[in-house]
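Dear colleague,

Here is the structure for your files.

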Amino acid sequence: MFKSGDKSLCNNYCPISILSHIAKVFERLVHVRLSSFLEKNNIVSNFQLGFRPAHSTQHAINYSHEKFLQALDNNEHVAAVFLDSSKAFDIVNHEILLCKLQKYGVHGMTSDFFHSYLSNRCHCQFTKFGETESSRLNTTCGVPQGSILDPLLFLLYINDLPQASAFQPVLFADDTCLFSKSNCMRTVQAAVNGKIKHVNDWLISNKLTLNCSKTKFVVLTRSHELQKIKINVVARTVEEVNQVKIDLFQREPSKRNVENIQCNMQRP
């Protein structure tokens with residue numbers, strides 16, 4: 001499925017699984033049972049606001065909005081980093097996912113079902129252009145995109161990210177915002193760099209990749225003195241911007257104009 005950009009570039013397309021109606025009905029039944037188990041036992045991280053009942057992008061925006069304004073009201077500086085993962089749904093490691101499912105209490109026949117569901121998905125991967133189809137290959141990683149279960153399985157795959165990285169992010173599926181606040185800009189810089197390192201270590205351990213070119217950060221402050229900070233990830237400098245537009249957030253905060261920040265964020 002085409003996403004955006006240049007149609008001649010393969011990276012601008014998202015793979016979609018073609019499933020039968022019977023398979024989707026069965027997946028829906030499994031999804032209902034698994035979701036009920038997760039909610040009953042409070043397993044899904046409170047920082048995860050995507051693909052969950054009674055949660056939406058508005059909750060993520062409101063939470064971040066409140067945290068940013070509290071910091072500004074206390075005359076603190078805020079640096080917010082918006083992280084982008086590369087093809088996260090497509091490269092989920094099946095072995096790691098099954099281990100995490102068992103850790104969360106999915107045992108016995110249910111565990112065997114998910115092992116069967118993820119394994120030996122034969123002849124599922126091919127490309128069609130017009131009437132021409134490529135040869136078909138088996139899928140050895142990733143959750144089946146377009147299926148009923150794939151969002152829930154992905155949430156469980158990244159569920160331990162906040163705990164492992166020792167920070168409180170705002171998560172909406174694979175979209176992640178982490179921020180730090182302090183009266184000292186240098187303290188903010190050190191804290192954010194430390195948090196990003198923790199996140200990158202977690203991603204490497206879970207065989208995921210951070211898209212450095214699409215990772216950006218913004219600075220919110222009442223100070224009129226220009227004080228640049230430097231944020232790095234994987235030996236690359238993260239670009240500082242005055243405008244961020246991703247799936248989760250669409251705000252245009254001016255770095256030095258607090259009134260503009262308040263207007264765009266619809267502060268009362």
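This is a predicted model: local features need pLDDT of at least 70, side-chain atom pairs count only at pLDDT 80 or more; totals for chains, interfaces and linings use all residues.

**The sheet and its helices**

Five strands form an open sheet in the order β6-β7-β1-β8-β11, and the pairing is mixed. The edge positions are taken by β6 (170–172) and β11 (239–240); each has a single partner strand, so one side of each has no neighbour in the sheet. For β11, that partner is β8 (residues 216–220), and the two pair in the parallel sense over two bridges. One of the residues involved is Lys216, whose bridge partner in β11 is Glu239.

Helix α2 (residues 57–73) packs on the sheet, where it touches β1 (77–83), β6, β7 (175–182) and β8. The direction of α2 makes about 165° with that of β6.

A further helix, α7 (residues 185–205), lies across β1, β7 and β8 and runs at about 150° to β7. From first C-alpha to last, the 21 residues of α7 reach 31 Å, close to the 30 Å expected at 1.5 Å a residue.

Which residues of α7 are buried? They are Met185, Val188, Gln189, Val192, Ile196, Val199, Asn200, Trp202 and Leu203. These residues cover an arc of only 155° around the axis, and therefore lie on the same side of α7. Exposed on the other side of the helix are Ala190, Lys197, Ile204 and Ser205.

Just after α7, Lys207 has a positive phi of about 60°.

Regards

Key: Residues are numbered from 1 along each chain as its sequence is written. Side-chain values use heavy atoms; hydrogens and water are left out. Two strands pair if DSSP finds at least two bridges between them. Helices (H or I, at least four residues) and strands (E, at least two) are DSSP runs, numbered from the N terminus. Contact means heavy atoms within 4.5 Å. Axes are lines fitted to C-alpha atoms, for helices over the stretch in contact, and angles run from 0 to 180 degrees between N-to-C directions. The expected span of a helix is 1.5 Å times one less than its number of residues. Buried means under 20% relative accessible area, exposed over 50%, partly exposed in between (1.4 Å probe, protein chains only). The arc is that of the directions from the helix axis to the C-beta atoms.
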